[in-house]
Amino acid sequence: MMRGLVLMIGMAVVGAGPEPADPVRVDPDQAVFKLDEVGLYRVGVIYRGKPEEDFPIGWSGPFEDRTGMALVPDGLRGGRAAVLQHCPWRGGTGTAFQEFHVQLPTCRRILLRGATALRDDATGAGKSDGVAFRIKADGEVLLDALRADSAWKPFEFDLTARAGRLLVLRFETGPGPRGDAGFDFGLWADRALVFEGFRPRAVVHPAPPAPSF
């Protein structure tokens with residue numbers, strides 16, 4: 001596991017006590033909430049014809065032993081910091097998912113932005129027949145696109161109508177039309193929620209105690 005720790009950059013965990021009602025719910029405290037810096041999310045796989053299988057909350061790693069799923073930072077690709085999400089390929093094929101639960105603020109406008117691509121070594125004859133990229137907001141499909149090239153393709157969606165609500169935002173990758181998961185090195189980059197007109201609440205830290213001599 002390479003990124004299993006919860007990153008507290010740009011977020012605060014909501015819920016009192018050791019077992020909050022929603023263990024992955026987060027509250028943004030930045031106007032540009034960078035999802036690739038959030039380490040608190042649901043993650044898992046869905047083999048074809050089978051129910052979802054959850055991994056530990058915040059799991060990240062390269063090519064998990066049982067399923068072959070990967071979810072891990074993949075360095076700079078085409079000038080962007082990439083996150084690799086590979087669908088399962090051991091023991092069958094299906095979908096890999098990463099799901100964020102974000103309490104949206106009330107503000108003027110809310111946008112979801114990012115980009116998709118395949119890794120350079122996934123393209124070409126005899127390699128990937130494409131990766132199916134999907135984005136869902138509260139179950140509604142925002143993006144359903146088959147990509148078979150390594151050029152970054154941006155996406156942007158207006159989520160203003162969901163302001164003030166808990167957003168369940170899911171990112172999925174799956175195999176191409178042949179159902180072959182070979183070389184399906186799907187990449188995400190620059191995933192962020194942009195809150196126009198949002199003024200994060202200032203965090204006040206108590207002063208340290210005066211030294212005693």
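## Briefing on an all-strand predicted model

Strand β9 is joined by 9 bridges to strand β14, which covers residues 186–196, and the two strands run antiparallel. The structure described here is a predicted model, and the protein in it has 14 strands and 0 helices.

- On the β12 side, Leu111 has Asp158 as its bridge partner.
- Of the 10 residues that form β9 (residues 109–118), 8 are buried, and the strand is therefore largely enclosed by the rest of the structure.

**The protein as a whole**

- Followed along the sequence, the pattern of elements is β-β-β-β-β-β-β-β-β-β-β-β-β-β.
- The protein contains 213 residues, and buried residues account for 48% of them.
- When contacts between residues at least 6 apart in sequence are considered, 71% of them join residues that are at least 24 apart.

**Cysteines**

- A disulfide is a covalent bond that links the sulfur atoms of two cysteines.
- Searching the whole structure for such bonds gives 0 disulfides.
- Cys87 has a relative accessible area of 1%, which is under the 20% limit, so Cys87 is buried.
- Cys107, with a relative accessibility of 14%, also counts as buried because this value is under 20%.

- Asp138 is not a glycine, yet it has a positive phi of about 55°.
- Asp138 is placed in the loop between β10, residues 131–137, and β11, residues 140–147, and at 33% relative accessibility Asp138 counts as partly exposed.
- Phe183, which is not a glycine either, has a positive phi of about 60°.
- Phe183 lies in the loop that runs between β13, residues 166–175, and β14, and Phe183 is partly exposed, with a relative accessible area of 37%.

Note on methods. Residues are numbered from 1 along each chain as its sequence is written. This is a predicted model: local features need pLDDT of at least 70, side-chain atom pairs count only at pLDDT 80 or more; totals for chains, interfaces and linings use all residues. Side-chain values use heavy atoms; hydrogens and water are left out. Buried means under 20% relative accessible area, exposed over 50%, partly exposed in between (1.4 Å probe, protein chains only). Helices (H or I, at least four residues) and strands (E, at least two) are DSSP runs, numbered from the N terminus. Two strands pair if DSSP finds at least two bridges between them. A disulfide is a pair of cysteine sulfur atoms within 2.5 Å. Contact means heavy atoms within 4.5 Å.
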